[in-house]
Amino acid sequence: GLSISPLESSSVERRAFVSKSAGLVATGFLSLPNIANADIDTAGYEDGPRGLKYKVIKPPTDPDSPSPQRAQKVKAKYTLWLKGFPDVNPNAKKVDSSKGPFGEKPFEFIAGVGQVIKGWDLTVLDMKVGEERRIIVPSDLGYGARGAGGAIPGGSTLYFDLELVELGQMSQLGPEQLKWLEDNPL
């Protein structure tokens with residue numbers, strides 16, 4: 001299978017939280033209509049794939065640099081909000097962040113293989129190192145009807161500040177992994 005390094009105990013909870021229902025979305029067991037953006041002011045946002053909305057907040061360090069490929073390790077910094085972004089909605093609620101009381105620890109994952117929510121996979125594969133985006137993730141590309149960890153109610157639209165910090169190594173791709181990637185398009 002894909003080579004995944006052992007988790008550090010401090011990242012276990014974050015990985016479980018971010019990837020809680022990604023498997024259900026990736027396997028098609030969770031497919032909901034995209035109704036999440038109906039009441040959101042998205043002026044100034046670009047249309048991304050499948051109902052994603054994004055705004056580039058900071059351009060990439062090198063606009064000619066590559067974007068990640070599926071099955072490539074990446075590191076990202078993020079903050080997750082519910083009910084909008086705090087500078088737009090005073091009722092926005094911060095739910096999770098790579099920024100902690102003792103500094104920031106970027107989140108590492110393998111892009112495009114369902115380790116994170118579908119909205120992240122689709123967004124990160126379109127970004128370049130140093131780029132920072134605000135993304136609005138409809139429920140069906142997030143945690144769907146189930147929600148996550150008690151902190152995210154089912155059907156929630158997710159609001160992320162997301163920065164692609166680093167591209168890592170490509171996973172070793174043998175025939176089994178190549179077939180999986182082919183059989184599981186984003």
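## Contacts and overall layout

Among the contacts (heavy atoms within 4.5 Å) in the protein chain with a separation of 6 or more, 74% are accounted for by residues 24 or more positions apart. This is a predicted model, in which local features need pLDDT of at least 70 and side-chain atom pairs count only at pLDDT 80 or more, while totals for chains, interfaces and linings use all residues. Residues are numbered from 1 along each chain as its sequence is written, and side-chain values use heavy atoms, with hydrogens and water left out.

The protein chain has four helices and nine strands, taken as DSSP runs (helices H or I, at least four residues; strands E, at least two) and numbered from the N terminus.

## Nonpolar cores

Of the 186 residues, 44% count as buried, meaning under 20% relative accessible area with a 1.4 Å probe, protein chains only. A nonpolar core is a set of buried Ala, Val, Leu, Ile, Met, Phe, Trp, Tyr and Cys residues joined through side-chain atoms within 4.5 Å. The largest such core has 27 residues, and those with the most contacts inside it are Phe109, Trp120, Val137, Leu158, Phe160 and Leu162. At least two of its residues come from each of β3 (72–82), β7 (107–110), α3 (118–124), β8 (132–137) and β9 (158–170), with β3 giving the most, five residues. A second, separate core of six residues includes Trp81, Phe85, Ala92 and Ile136.

The protein chain exposes about 9,700 Å², of which carbon and sulfur atoms supply 52%, as computed by the Shrake-Rupley method with a 1.4 Å probe. Leu173 lies in the loop between β9 and α4 (175–183).

Methods. Buried means under 20% relative accessible area, exposed over 50%, partly exposed in between (1.4 Å probe, protein chains only).
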